[in-house]
Number of protein chains: 2
Amino acid sequence: MARTQGSHSDITGPRVREAALTLFARHGYAAVSMRQIAGEVGVQAGALYNYTPDKQSLLFDLMKGHMDELLAAWATQPKTSNPLAALEQFTRFHIRFHSKRPEAVFISYMELRNLSPGNFTVVEKLRRTYEDALADILRAGVANGAFNVPEPKVAAMAVIAMLTGVNTWYREAGRLSLSEVEEIYWAMVRKSVTA
Amino acid sequence: MARTQGSHSDITGPRVREAALTLFARHGYAAVSMRQIAGEVGVQAGALYNYTPDKQSLLFDLMKGHMDELLAAWATQPKTSNPLAALEQFTRFHIRFHSKRPEAVFISYMELRNLSPGNFTVVEKLRRTYEDALADILRAGVANGAFNVPEPKVAAMAVIAMLTGVNTWYREAGRLSLSEVEEIYWAMVRKSVTA
DNA sequence: GATTGATTTGAACGCCTGTTCAGTTAAATC
DNA sequence: GATTTAACTGAACAGGCGTTCAAATCAATC
C-alpha cells in the first residue's frame, strides 16, 4: 500500500469549502465560477471534483451545514420553562451565533433560489424547525400570560427578521459592541411581545 | 420623415423592464441572460440594446427606480408632528407599499452586490435617506418622551428589517389579510419602542 | 405607392461556463 | 530505491455569455 487516504485532501477539502463560502457570500453563487474557487485554493478547476460532485453540492453542503450547526448549537442551550427567560436566551443566542458566521448567514438567506428543488426542500425544513422553536416559546408565553401576541408564528417571523437584520449593519470595528447590540435588541424584542 | 420616434418602442421598452424585473427576482441577476429576457419579450437579444446600454443598467434602473418611487410615495404621505402617529403611518405605509412590489423589493435587497461601485453608491444613498426618515421619527419621540430607544438609528434598522420581513412569508391568498398583518406588526413596532 | 428611418433580425465576435479524463506528479509504504 | 496510488494538471468538450452591427423589415409620412 502507498499513501494512506488523503494526504493533501485533508487540507484541500476544507480549503475548497472555505473558498466557496467566501466567494459565494461576496459575489453570489451564480456569479462565481469553479475556476475562481480553484484559483482561490491554488489549484486547477478539475481538482475541485475530488471534493464535490458538482457546484450545486458545494452550495447545498454549505447551507445544510450551516443550518445543522445552528440547530445543534441551539439544542445545547440549557432549557428553561420560563417563557420570558427562554425568549431572552433565544434572542441573545441568535445574535451571537449569527454574528460569528456572517458569510454562511448571508448565503443561507440569499441563495435559497439557487438550490435545486430537492435541496431547497431540505434546507427549508431545517429553517422551519428553527422558526418553530421560537414560535413555541411565544406560545408558551401566551399560555401563561407573559406574552400578548395574537399570531405566534407571525411574531416569530417578525422577531427573527429583526434579529437577523443585525448582520446587515453590525461591524466588529463599529461604535457599538456586540453586547450593547444584544441589550438594545433584547429590550425591543421583550417589549414587542410582552402583555 | 417616416415613423415618428418609437412606434414599437413604446411597447417594447416597458416590456423589457418588466421581463427583467420578473426574471431577476425569480432567478437572480447573474443567473439571467440577455437572451432569456429577450425571449420573455418575444424578441432577439440584440433588440434589447435599443432600450438599455447594457445589462448592468437594466439592473440599476430597476433598483434606482424602485427607491425613487419609494421615497416619492413617502413624501406624499401627510406629515404629523406627533411621533407616535408618524411611526404608525410609517409602519402601515411600509407594509402596504412593499407588499405591492414584491419583485422590486426582492431585487433591491438581493442584488446590491451586483451593482457596479458607482451605481451601488447611488442606491445606497437613497436607502439611507429612507432609513433616516424613520430614525428621525424615533428621535422626535425620544425627545418628547413618547419613545424609549437608546439608539434611534439601530432601532430604525431593527424596525425596517422586521417590516420588510413580511414579504418573505406573506401571500395574498394566505390565511391573514394584509390589514390583519398591518395590525399585528403595528402592535409589535409600537410596543418595541414605547417608553 | 414611393420614401424614410425607427425597429428588429441573425450571425458573428471573443471569451467564459461546468464538467470530464488521460496523463503526470509526488508522497507514503515496502 | 522500487512500488503504489491519491492528488493534481491541462487540455478538451459542447454550450452559453454580453455585446456589436450590417442587412432586412415594416409602419408612418408624403
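# Questions about the structure

Visitor: Where in chain B is the place of B:Thr194?
Guide: Helices (H or I, at least four residues) and strands (E, at least two) are DSSP runs, numbered from the N terminus. With that numbering, the place of B:Thr194 in chain B is the segment after α9.

Visitor: Before we go on, what kind of model is this?
Guide: Residues are numbered from 1 along each chain as its sequence is written, chains are lettered from A and ligands numbered from 1 in the order in which they are written, and side-chain values use heavy atoms, with hydrogens and water left out. Local features need pLDDT of at least 70, side-chain atom pairs count only at pLDDT 80 or more, and totals for chains, interfaces and linings use all residues, for this model is predicted.

Visitor: Thanks! Which residue of chain A does B:Thr194 touch?
Guide: Contact here means heavy atoms within 4.5 Å. Within chain B, and not counting residues up to four places away in sequence, B:Thr194 touches B:Leu84, B:Ala146, B:Phe147 and B:Asn148. B:Ala146 is 48 residues away along the chain, yet its C-alpha atom is separated from that of B:Thr194 by 6.0 Å. From chain A, B:Thr194 touches A:Lys191.

Visitor: Which backbone oxygen does the side chain of B:Thr194 reach?
Guide: Look for a polar contact (a pair of N or O atoms within 3.5 Å; within protein, one must be able to donate a hydrogen and the other to accept it, and residues adjacent in sequence count only if both atoms are side-chain atoms). Such a pair is found at 3.4 Å, and the backbone oxygen reached belongs to B:Lys191.

Visitor: Is B:Ser192 buried or exposed?
Guide: B:Ser192 is found in helix α9 (residues 178-193) of chain B, and its contacts beyond four places in sequence are A:Met188, A:Lys191 and A:Ser192. A polar atom of its side chain also lies 2.8 Å from the backbone oxygen of B:Val189. Buried means under 20% relative accessible area, exposed over 50%, and partly exposed in between (1.4 Å probe, protein chains only). The relative accessibility of B:Ser192 is 1%, so this residue counts as buried.

Visitor: Which residues does B:Arg92 contact, leaving aside neighbours within four places in sequence?
Guide: Start in helix α4 (residues 83-99) of chain B, where B:Arg92 has its place. Its relative accessibility is 14%, so B:Arg92 counts as buried. Its contacts are B:Glu182, B:Glu183 and B:Trp186.

Visitor: Over in chain A, which backbone oxygen lies 2.8 Å from a polar atom of the side chain of A:Thr164?
Guide: A:Thr164 lies in helix α7 (residues 152-164) of chain A and has a relative accessible area of 10%, so it is buried. Not counting residues up to four places away in sequence, it touches A:His94, A:Val105 and A:Tyr109. The backbone oxygen at 2.8 Å is that of A:Ile160.

Visitor: How many helices are there in chain A?
Guide: Chain A has 195 residues, of which 50% count as buried. There are zero strands, and the number of helices is nine.

Visitor: Which three residues supply 25% of the area that chain B buries against chain A?
Guide: The contact takes 35 residues from chain B and 35 residues from chain A. Buried area is the accessible area (1.4 Å probe) that two parts lose on being put together, summed over both, and between these chains it is about 2600 Å², with 65% given by carbon and sulfur atoms. More of chain B's share comes from one trio than from any other three residues: B:Arg113, B:Met188 and B:Lys191.

Visitor: How much space lies in the largest cavity?
Guide: On a 1 Å grid over the protein atoms alone, a cavity is a set of points where a 1.4 Å probe fits but cannot get out, and a pocket is an open set with protein on both sides within 12 Å along at least five of seven lines; lining residues have an atom within 4 Å of a point. The largest cavity is lined by 17 residues, and among those nearest its centre are A:Arg113 and B:Arg113. Grid points are joined across faces, edges and corners, and a volume is the space filled by probe spheres set on the points. For the largest cavity, that space is about 100 Å³.

Visitor: Which helix gives the largest share of the lining of the second largest pocket?
Guide: This pocket has a volume of about 230 Å³. Its lining includes A:Trp169, A:Tyr170 and A:Arg171, together with B:Lys153, B:Val154 and B:Met157. The largest share, three residues, comes from chain B and its helix α7.
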